[in-house]
Amino acid sequence: NKGESDLQKWIEFYESRPIEVDRKSSDRPSIFIEHPSVSVTGSIQPQVLDDRLSSLHFQSGFAARTIMCEPPQRKRRFNDHDVTDEVRQRYHDLVRKLYALPMPDRSGMGASEDLPLDGVAREIFAEFYDECQEIMEELQSGPLRALVAKNQAVAARLALTLQLCENPRSREVGRDAMIAGTRLARWLRRETARVY
């Protein structure tokens, strides 16, 4: 709603850069957020997206940081499948464990730590990184090139997330998480390009 300044805040959220929220319309003081983390998931009709996604979104880099997909349409059939209580409980337990992971303090030190890639995960990511670089060399400039550039980080973030979902106490990102992260990143890259 607020144009360019609003987009800049969302870009900073994506990069998890510190941000100060100035509450001009309130007597309350500004809020400093050291490690902002925002997840937004939603759906939108294709025509509405076409009307809302402007050149400003592409030029600012906002669109490249947005993962979009439009899964193929399938015939809808009635079914009475439901999520079991066991699956629901396992999901809630996982989310609780992930939220309990420590964040760094103001000094950046804190209890959190980097999770390095193990040797095989590093090789898989290097191959994916080089693949993205080759695609970018073929694309001179524009939205698709920006999308591919951000896709490298998407793969790493997905692999980290998947590793922590497997074991919140992990000390490194392993092979299976990186295979899944890069596979999912490729699919999301194709889907976003298709939506563009």
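Predicted model: local features only at pLDDT ≥ 70, side-chain atom pairs only at ≥ 80, totals over all residues.
Start by selecting residues 119-138, helix α5, together with residues 143-166, helix α6. Their axes come within 9 Å and cross at roughly 175°. Since angles over 145 degrees count as roughly antiparallel, α5 is roughly antiparallel to α6.

Next, show the side chains where these two helices meet. On α5, select Phe125, Phe128, Tyr129, Cys132, Gln133, Ile135 and Met136. On α6, their partners are Arg145, Val148, Ala149, Asn151, Gln152, Ala155 and Ala156. The α5 and α6 contact residues comprise 10 nonpolar, 3 polar and 1 charged.

The axes of α6 and α7 lie 8 Å apart, at an angle of about 145°, and the crossing of α6 past α7 is right-handed. From α6, select Leu144, Leu147, Val148, Asn151, Val154, Ala155, Leu158, Ala159, Leu162 and Gln163. These meet a set in α7 that includes Met178, Gly181, Leu184, Leu188, Arg189 and Thr192. By class, this α6 and α7 contact has 15 nonpolar, 5 polar and 2 charged residues.

Is Arg189 buried or exposed? Its relative accessibility is 10%, and under 20% means buried, so Arg189 counts as buried. Leaving out residues up to four places away in sequence, Arg189 touches Phe128, Glu131, Cys132, Ile135, Leu147, Val148 and Asn151. Of these, Phe128, Cys132 and Ile135 are among the α5 residues that meet α6, while Val148 and Asn151 are among their α6 counterparts.

Notes:
Residues numbered from 1 in each chain as written. Heavy atoms only, no water. Axes fitted to C-alpha atoms, helices over the stretch in contact; angles between N-to-C directions. Helix = DSSP H or I, 4+ residues; strand = E, 2+ residues; numbered from the N terminus. Parallel < 35°, antiparallel > 145°, perpendicular 65-115°, else oblique. Contact = heavy atoms within 4.5 Å. Nonpolar A, V, L, I, M, F, W, Y, C, P; charged D, E, K, R; others polar. Buried < 20%, exposed > 50% of the residue type's maximum accessible area, 1.4 Å probe, protein only. Left-handed = near helix turned anticlockwise from the far one by under 90°.
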